[in-house]
Amino acid sequence: YPRHVGPVRVAGYKPRRKLFIYCKMSGTKPNGIAYTRVGGAPSLANYPHMRKTGGFLFVSGISSRRADNSGHVGAEKNPADGTWVLDVAQQTRACIQNLELILREAGADLSHVVDLTVFLINMSDYGKMNAVYNEYFDASNGPTRTCVAVKELPHPNILIEIKAMAAAPQENSG
């Protein structure tokens, strides 16, 4: 049965009746089931790659980090002068491929994605990111999306990070 959590209060809004939030306990934790991809690059802090709760999959921000944690796709060091050559198209493709690998842990794929948030270091990379994005998704059945520019991401070689929410696949009972 749903468990009563309490009234929802929104500043400046006076409802005609009280609204209540209900939640179902999922698994052994009230915030659902945590997924950490085995064989993938570990999270940089204490958080899972993905969490399943309420019929949805919430995927933590994903970068182009290689599974063996040896660096980032789309970030190559120039041996001549030691500078880094960064490619947002390669990083976008790697982010989406990493997203797909994480979704597979819960039996999902890119068709289950409902919403994406894209974080770019530089909006001048929007066109290149969008060209790769359009290889994977289209407007008729792709997710909703928000793209924002941010000052920086956790590593200086990262140009893009993607966060996702997906519908959890229906489990067959029988």
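A salt bridge here is a side-chain nitrogen of Lys or Arg within 4 Å of a carboxyl oxygen of Asp or Glu. E76 and R66 meet that rule, at 3.3 Å from N to O. The model is predicted. By the same rule, the count comes to 2 salt bridges.

**Salt bridge E76–R66**

- The side chains of E76 and R66 form this salt bridge, with N and O 3.3 Å apart.
- E76 lies in strand β6 (residues 75-77), and R66 lies in the loop between β5 and β6, so the pair ties together parts that are 10 residues apart in sequence.

**Salt bridge E135–R93**

- E135 pairs with R93, and their closest N and O atoms are 2.8 Å apart.
- E135 counts as exposed, because its relative accessibility is 52% and the cut-off for exposed is over 50%.
- R93 is partly exposed, with a relative accessible area of 26%.
- Side chains of opposite charge can pair when their charged atoms come close.

**Strand β10 and its partners**

- Strand β10 covers residues 160-167 and runs antiparallel to strand β5 (residues 56-62).
- The β5–β10 pairing is made by 5 bridges.
- F56 has A167 in β10 as its bridge partner.
- Strand β8 (residues 113-120) also runs antiparallel to β10, and 7 bridges join these two strands.
- On the β8–β10 side, F119 stands opposite E161 in β10.
- In a regular strand the side chains alternate between the two faces of the sheet.

**C147 and its surroundings**

- C147 is found in strand β9, which spans residues 144-149.
- C147 and T117 are 30 residues apart in sequence, yet their C-alpha atoms are 5.8 Å apart in space.
- Beyond its neighbours within four places in sequence, C147 is in contact with V118, L120, M123, Y126 and M129.

Definitions and conventions
Residues are numbered from 1 along each chain as its sequence is written. This is a predicted model: local features need pLDDT of at least 70, side-chain atom pairs count only at pLDDT 80 or more; totals for chains, interfaces and linings use all residues. Side-chain values use heavy atoms; hydrogens and water are left out. Two strands pair if DSSP finds at least two bridges between them. Helices (H or I, at least four residues) and strands (E, at least two) are DSSP runs, numbered from the N terminus. Buried means under 20% relative accessible area, exposed over 50%, partly exposed in between (1.4 Å probe, protein chains only). Contact means heavy atoms within 4.5 Å.
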